[in-house]
Amino acid sequence: MGLLHLIRRVMIVGFFVFVYKQAGAIEEPGERLTVYNTNLSITIDALKIKGAASNANSCIIPFTLAGKLIVVQGRADTVQGNFILDTGAPDLVLNNTYFRNYIVSTSNTEQEASITGIGEQSKRITVKQFQLGTLSYSKTYADVLSLGHLEDARGLKILGLLGISLFKDCELMIDFENRQIHLYRISKKEKETYIHPLLATHPRVSVMPFELRENRILVDTKIGNKELQFVIDYAAESNVIDSRLPEKVLDSVRVTGRVLLTGTGSKKIEAATGDLSAITIGPMQFKKLPVIITNLENTCFGTLNCINGVLGHDFLSGYTLVFNFVTRKLYILY
Amino acid sequence: MAALIAPGLLEGSLYAQQGKDTPVIQVRNNIILLSLSKSTSPEELIAFTHRYNLKDIGLYQLINRGKNDSLKQSGWETIQSDSKYTVSKKLTSGGKFINPSDKMIFYAIPTPDNWRVQGGNRVVYGMNDLKKDGGPVRHQDFVEFRLKGFSRAQRVRLAGNFSNWQHGAFPMERDGDDWVVRVSLKPGAWYYKYILNESDWITDPENNLEESDGRGNINSVFYVTNKSIKLKGYTNADEVFISGTFNNWVKDQLPMRRRKDGWELDLFLEPGTHRYQYIINGKALEFEKPPRETAEIGAPHIFKLNGFKNAKSVILTGNFNDWNPDQLWMKPTAEGWELAYVLGPGNYLYNFIVDGKWIADPKATGSVNDNKGKSPQNSFLVVQPNHRFTLPGFSKAKNVFLAGDFNDWNPEVLPMKKIEGGWSAEVFLGRGKHKYKFIVDGKWITDPSNELVEDNEFNSGNSIIWIE
């Protein structure tokens, strides 16, 4: 069987509609229902696909965790060290403690008042070369901000955050089990055909589209028959749901306690923790997802709609996720 | 009081499910809602407030005394009907997360797992929790690590923070079916794992104590202890615990082991002076004098105050004993007063209390005594300094002080010494990030020889330094 042919066949499998049948009582947080593939006649032959080779377009980067945040090594011009994968941030962010001596190309001088009145000034600079594994980025824009509070909270030197724009022409796989990130830069030629070798060999893969809005990853979800959009954010340690959602949605959340969260300017904000009894994400259903229930009023971006919730580490760390930013498809391996 | 919700909203489904008197918590329409029957029993109320983290908002005053002052103060509204209270609070937003790090901090629920990260890798105390006849065994000069039940492994190595993990991991030798290695370790907390066949990392199956390193790894923990606490008698007691300054006087955390003639507990305690007491069957054992026991780990520092020979009493007080004004009584000597007190490496603030009047140590260079009747400056003491700050130049300055997180940013307690070509001061810095500034003739400046500057709330920046 030719490689290309095989890949096409695997892609077909990936797009098949899955049917779900409820398994017995599932108590574990985030545990999923049993998934049945309707098209069992298609089997995947033993595959001999070469693993992703490390070259200028492809690499595997090991990661560690700081609390629940994913830490990888990167280099911005001459400074090398810890970067946090932040799929909730649109662009590369650099910590101004270590990147002060750059010429600012544009400056957001508008002091946007936050809840405590403390404004945040962001400056945009150009990094000559940014290196992530074997992938190089020339003349990359970066927002320079203070990340001092985050360093204090995590006890770790943090050079910056890796936002979505770095991955826009890539496939990004985040493998929690092996603590690895796989990055593959998809060329124009293979735009239609490329798929991660693992997606061909892995026995259980679910696929769904995602939307990129202002460089945030949004997926369609359903809670209590209501359609909602959630952001996938690896830098959010918890899953989050908006406390302003209709009763029909909040009926699915059993409150487990009150919690005080640290808002901007160190102000303590009252919120609740809870268990979401069931959520459908794309074609998959999950039971008992731990969530923070909080007011997401100020998380609206631009003129577009607000987000309804966030899928964070507490959900994401249980699976391997593959984002194809070219085809805007998300694969969940379970 | 404003009506909050449509009457009867809670009456229906939730009460039906949970019974009339069970308190209920839920979130509706951006409001966190508590519903409590007026006849909620004290036990039920305590259980409810503990379970849902509602201890400090004032529900006890409401149910026991019908008062809602505390609740009101913390922003909760109360409405009542004949049989129940409905307590509610509107949820506010965490702010605009313009800086993504604000979002990360906001979405993180603090868990005990990351305490070590927050505490900057400082271990104040610890006790072992090993399975019976298993785990590492401490001998006079070494600790023996023994791994049972992996006789089929080809090779086993012991990796830990004492071996730079895998880089200097100790090969283990076969001893029957076990694997054994002896390592010389000083008192302290040691984190380790076994590496089987160079590939599988496992924690010690005989050791119940495991801890996250804050980087996503779980390790076994073994404490080489440095304090053995023994209590004679009380053999009829059901249980005896130790509580002390090192564990914030938590009563039911450190159980003593029963011995033939009494009770025993081996602890690791960080250098310094620790006070503790025995909790016998839940009650603190009363001592006549001194009121509590003391454990001293390390060498003492001699505090001296010359003169004041006519004083009736001189007492030492500082941040090392929570500024207790009635604990550390100094002894008269030929020159004045003296007290030996054990302090671990660190930066401390202290005062003397002479016949009830607080004074700074006249010999401490950073003290400023004012005679205007105001409270005196604190004196500053560095025990076992490990870092020297230098400020080149400023030869014409009259005085230069150093201030940072290590001395609570006090601009007057840590003067720098004039040296050739500049100024210098020594402090103790724990692991992690430290922020500091120099004060040259009253003017705050960042360190001109350090390009790492972090933003601060005054828009003037702080110099930062990382201690690995």
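Taken over C-alpha atoms, the centres of domain 3 of chain B and domain 5 of chain B are separated by 41 Å.

The domain assignment of chain B gives domain 1 as 14-102, domain 2 as 128-224, domain 3 as 237-294, domain 4 as 300-383 and domain 5 as 387-467.

Let me turn to confidence. The pLDDT of chain B averages 87, and 89% of the residues score at least 70. Over residues 1-17 of chain B, however, the pLDDT is below 50, and this stretch has 30 contacts in the model beyond near neighbours in sequence. Residues 112-120 of chain B also have a pLDDT below 50, with 16 contacts in the model beyond near neighbours in sequence. Where pLDDT is low, the predicted coordinates should not be read in detail.

Next, the composition of each chain. Chain A contains 5 helices and 24 strands. Of the 334 residues in chain A, 54% are buried. Among its contacts with a separation of 6 or more, 64% involve residues 24 or more positions apart. In chain B the secondary structure comes to 6 helices and 39 strands. Buried residues make up 47% of the 468 residues in chain B. For contacts in chain B between residues at least 6 apart in sequence, 62% join residues at least 24 apart.

I now come to particular sheets. Strands of a sheet pair through backbone hydrogen bonds, either parallel or antiparallel. One open sheet of chain B has 4 strands in the order β1-β2-β4-β3, and its pairing is antiparallel. Which strands stand at the edges? They are β1 (24-28) and β3 (77-80) of chain B; each has a single partner strand, so one side of each is left without a neighbour in the sheet. From one strand to the next, the twist averages 20 degrees. The partner of β1(B) is strand β2 (residues 31-37) of chain B, paired in the antiparallel sense over 5 bridges. Within this pairing, B:Ile25 stands opposite B:Leu34 in β2(B).

Strand β28 (residues 336-342) of chain B is mostly covered, with 5 of its 7 residues buried. Strand β24 (residues 300-306) of chain B pairs with β28(B) in the antiparallel sense over 7 bridges. There, B:Asn306 has B:Gly336 as its bridge partner in β28(B). Strand β27 (residues 331-332) of chain B is also an antiparallel partner of β28(B), over 2 bridges. In that case B:Lys331 has B:Glu338 as its bridge partner. A hairpin through 3 residues joins β27(B) to β28(B).

Finally, a single residue. B:Asn456 lies in the loop between β38 (453-454) and β39 (462-467) of chain B. Is this residue buried or exposed? Its relative accessibility is 12%, and the limit for buried is under 20%, so B:Asn456 counts as buried. The side chain of B:Asn456 reaches the backbone nitrogen of B:Asn459 at 3.1 Å. A polar contact of 3.1 Å also joins the side chains of B:Asn456 and B:Asn462. Not counting residues up to four places away in sequence, B:Asn456 touches B:Lys437, B:Gly461 and B:Asn462.

Technical notes:
Residues are numbered from 1 along each chain as its sequence is written. Chains are lettered from A and ligands numbered from 1 in the order in which they are written. This is a predicted model: local features need pLDDT of at least 70, side-chain atom pairs count only at pLDDT 80 or more; totals for chains, interfaces and linings use all residues. Side-chain values use heavy atoms; hydrogens and water are left out. Domain bounds come from an automatic or database domain assignment. Two strands pair if DSSP finds at least two bridges between them. Axes are lines fitted to C-alpha atoms, for helices over the stretch in contact, and angles run from 0 to 180 degrees between N-to-C directions. Buried means under 20% relative accessible area, exposed over 50%, partly exposed in between (1.4 Å probe, protein chains only). A polar contact is a pair of N or O atoms within 3.5 Å; within protein, one must be able to donate a hydrogen and the other to accept it, and residues adjacent in sequence count only if both atoms are side-chain atoms. Contact means heavy atoms within 4.5 Å. pLDDT is the predictor's confidence in each residue, from 0 to 100.
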